[in-house]
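Colleague: Hi! I'm new to this one, could you walk me through it?
Modeller: Happy to, let's open it up together.

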Amino acid sequence: MRSIRFATVALATAALALPLMAGSAAADPSAGRTAAPHSHATSDRLRAAAPEGFVVGTAVAGGGHHLEQDYPDPFTYDREYRKVLARQFSSVSAENQMKWDYIHPERDRYDFGQADAIVEFAKRNKQVVRGHTLLWHSQNPAWLEEGDFSRTELRAILREHITTVVGRYAGRIQQWDVANEIFDDQGNLRTQDNIWIRELGPGIVADAFRWAHKADPRAKLFFNDYNVEGLNAKSDAYYTLIQDLLEQGVPVDGFSVQGHLSTRYGFPGDLKDNLDRFDALGLETAVTELDVRMDLPESGEPTEEQQRKQADYYQRTLEACLAVDGCNSFTIWGFTDKYSWVPVFFEGEGFANVMTDEYERKPAFYALRDTLKEAAREDDCKKHGKHHHRHGKG
Ligand code: G3I
């Protein structure tokens, strides 16, 4: 297994000793006085800073909580947003646009408009795509959740959905979150709120992977969840289940941790250990939805200390992924606070992303960029020293 040693302390100090939020150029020591907030300089782009074969992604804002906000669909209408999306990232994930609710609004009708637009945008901008998601307990349409279907019908509905959606984007999706959040925090399968497991039994999960693989043999098929960053009952449950599925020959390719973190809690220091054990099973691993929220003070402005802590959490999550051989996909759940899901779900919390509402870069942005650059430099050294290097696809 590849193991990269990072100059963690030096990097952390460099990234965190920045003047905070005093305009992006001022906050970036390497940008110089002339750098604009959205400089074209390659050195300013996360995607360009990354080591070869390592993709840096973001969720593409749209649907979900955005529908309740007083702005138009961000991905469709916010030009600034689209610019940053194209420049900074080499991977995109549909935040809501590929969920059942959106893509399959009626039993006999699919709506691929939004999902197609994302996949086309990605192609134009040489980005890979993460598909999200096929089997989940949430954001399912009423016709499905409230329908009165027999077991045979339900199975056919899921099979048809997976075959249709995965088939439509075959060859264009790098990783699919086939099964999302199937365990609760105690490590019990969601046998009540997950309609598929409740009605069809746990075996349906294996079938979902088989059907997805058949529809697109090239896509890497993942289990994805939150609160599984560290070693705990929930990640243990995945570890046991996946071992079992692999023994049966079920086409499972990856295990991903979402990474919805909060500075209210300690950083999951055992993240790398956890990724390592899935890596040792021969799986790919990924970070798929990282954001780091915090309790906002009365003023609404986070303190310097809070911003430093946030940058540290982002950096340590990235470092853990970079240090694991098969972790080649690192995605943040949106990049600007303007469109974050956090304040909608958690009252009094926010500031979770790497850019402000105005797209100003936070210390967390620079922490990611510098960490990527350092990893790229180390990979280069290794390559030239004829050591093995990152072998993921780009
Ligand atoms: O379905 C209800 C609808 O009945 C109601 O009329 C409407 C008005 O309040 O709300 C609808 O629910 C919304 C839901 O999306 C479905 O569209 C919620 O309010 C809204 O908050 C929700 O947001 C999305 C959320 O997933 C749903 O779980 C967010 O935009 C999206 O960022 C978030 O993303 C998830 C990942 O998919 C999985 N991991 C966790 C991550 C963060 O929650």
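Colleague: Which elements each supply at least two residues of the lining of the largest pocket?
Modeller: Strand E8 (284-295) and helix H15 (342-345) each do that. Keep in mind that this is a predicted model.

Colleague: Thanks! How many residues line that largest pocket, and which lie nearest its centre?
Modeller: The lining of the largest pocket has 24 residues, and Trp136, His260, Trp333, Trp341 and Phe345 are the ones nearest its centre. The space in this pocket comes to about 500 Å³.

Colleague: And how does the lining of the largest pocket divide into nonpolar, polar and charged?
Modeller: There are eleven polar residues, seven nonpolar and six charged.

Colleague: What about cavities, how many are there of 30 Å³ or more?
Modeller: The count is two. The largest cavity holds about 80 Å³ of space. Its lining is made of 14 residues, with Ala61, Glu95, Trp333, Gly334 and Tyr339 nearest the centre. Trp333 is also among the residues nearest the centre of the largest pocket.

Colleague: Which classes are in the lining of the largest cavity?
Modeller: Eight of those residues are nonpolar, five are polar and one is charged.

Colleague: Switching to helices, at what angle do H9 and H11 pack?
Modeller: Helix H9 (residues 151-168) packs on helix H11 (residues 203-215) at about 35°, and their axes are 8 Å apart. The crossing of H9 and H11 is right-handed.

Colleague: Which residues make the contact?
Modeller: H9 brings Arg155, Leu158, Arg159, Ile162, Thr163, Val166 and Gly167, while H11 brings Ile204, Asp207, Ala208, Trp211, Ala212, Lys214 and Ala215. Eight residues of this contact are nonpolar, four are charged and two are polar.

Colleague: How many disulfides does the count come to?
Modeller: One. Cys321 and Cys327 form it, with sulfur atoms 2.1 Å apart.

Colleague: Is the disulfide of Cys321 and Cys327 left-handed or right-handed, and why?
Modeller: Left-handed, because the torsion about the S-S bond is about -100°.

Colleague: Last topic, the backbone. Where is there a cis peptide bond?
Modeller: His132 and Thr133 are joined by one, with omega about 5°. Thr133 sits in strand E3 (residues 128-135).

Colleague: And what is the phi of Phe351?
Modeller: Phe351 has a positive phi of about 55°, though it isn't a glycine. You'll find Phe351 in the loop between strand E10 (349-350) and helix H16 (363-384). As background, most residues other than glycine have a negative phi, and most peptide bonds are trans.

Methods:
Residues numbered from 1 in each chain as written. Predicted model: local features only at pLDDT ≥ 70, side-chain atom pairs only at ≥ 80, totals over all residues. Heavy atoms only, no water. 1 Å grid on protein atoms, 1.4 Å probe; cavity = no way out; pocket = protein on both sides within 12 Å on 5 of 7 lines; lining within 4 Å. Points joined across faces, edges and corners; volume = space filled by probe spheres on them. Helix = DSSP H or I, 4+ residues; strand = E, 2+ residues; numbered from the N terminus. Nonpolar A, V, L, I, M, F, W, Y, C, P; charged D, E, K, R; others polar. Axes fitted to C-alpha atoms, helices over the stretch in contact; angles between N-to-C directions. Left-handed = near helix turned anticlockwise from the far one by under 90°. Contact = heavy atoms within 4.5 Å. Disulfide = S-S within 2.5 Å.
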